[in-house]
Amino acid sequence: MKTEGLSLENAPPLWVPLAFFAPAPLALIVAGSLLASYGEYAIGTGYSSITLAIAHLGTLGFLTLVMMGALYQLTAVVAGSPVGRIRLGHAVYALFVIGVVGLIGGLAGGLPRLVFWAIALITPAVLLFVIPIGRALHRAPARNETVIGMMAALLAFFLTALLGLWMAHGHGGMRFPGPRGLFIQVHLSVGLLGWVGGAA
């Protein structure tokens, strides 16, 4: 394996990426169980609570968790700029995972109060993730395509999360913040093209 140009000495403790990778397969198992249990109802419409739960198990519980763990590693090793206050990763992990579980449970079970608790947990998790990673990428010694791509992906993640959290208020019993179809399209486009595509 060629390691030239990689700042392996900056790598974070192994627990940081592994903690985010560990629950990802479980999210797929739960999504598959819901799909098997509800059948056509789970994919018949994009507006059903079960469809939303399955979609977010895949995007938040699997893709985003894996990519968050990877960004901690890649920012330090590939961009050559270690993430400051790495122990905040504990808080990011706990807040985000508990928040996602609450969001999935609130969406699937039609429990508005649980959705609001999820918003309260995911919001600080996003900020505690984006700010240190953003600072580390900003001070990276090189401004190559990889670093620029990671910065673009991080921005897309922040915008996707912002839109998602704002839309979650609508599922928490408040008025949906605008045309639902348009919000969903923008949320999906920024998330899949910017966050997933940019980080890949």
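Visitor: Where is the place of R85?
Guide: R85 sits in the loop between α4 (49-77) and α5 (88-109). Helices here are DSSP runs of H or I with at least four residues, strands are runs of E with at least two, and both are numbered from the N terminus.

Visitor: Is this a predicted model, or what?
Guide: This is a predicted model, in which local features need pLDDT of at least 70 and side-chain atom pairs count only at pLDDT 80 or more, while totals for chains, interfaces and linings use all residues. Residues are numbered from 1 along each chain as its sequence is written, and side-chain values use heavy atoms, with hydrogens and water left out.

Visitor: Back to R85. Buried or exposed?
Guide: R85 is exposed, because its relative accessible area is 69%. The cut-offs are under 20% relative accessible area for buried and over 50% for exposed, with partly exposed in between (1.4 Å probe, protein chains only).

Visitor: What is phi of R85 near?
Guide: Phi of R85 is near 50°, which is a positive value in a residue other than glycine.

Visitor: New topic. How many helices and strands does the protein chain have?
Guide: The protein chain has 8 helices and 0 strands. Along the sequence the pattern reads α-α-α-α-α-α-α-α. The radius of gyration of the protein chain is 17 Å, close to the 16 Å from the globule rule for 200 residues, so the chain is as compact as a globular protein of that length. That radius is taken over C-alpha atoms, and the globule rule is 2.2 Å times the number of residues to the power 0.38.

Visitor: What does the C-alpha trace span along its principal axes?
Guide: The C-alpha trace of the protein chain spans about 50 × 30 × 25 Å.

Visitor: How many of the residues are buried?
Guide: Buried residues make up 40% of the 200 in the protein chain.

Visitor: Give me one. Is F129 buried or exposed?
Guide: F129 counts as buried because its relative accessible area is 0%. F129 belongs to helix α6.

Visitor: Which residues does F129 touch?
Guide: Not counting residues up to four places away in sequence, F129 touches M68, L71, Y72, V92, L154 and F157. Contact means heavy atoms within 4.5 Å.

Visitor: What about T160, buried or exposed?
Guide: T160 is buried, since its relative accessible area is 13%. T160 lies in helix α7 (residues 145-171). Setting aside neighbours within four places in sequence, T160 is in contact with H187, V190 and G191.

Visitor: What does L182 count as?
Guide: L182 counts as partly exposed, because its relative accessibility is 48%. L182 is in helix α8 (residues 180-199).

Visitor: Last thing, confidence. What is the mean pLDDT of the protein chain?
Guide: The mean pLDDT of the protein chain is 87, and 92% of its residues reach 70 or more. The term pLDDT is the predictor's confidence in each residue, from 0 to 100.
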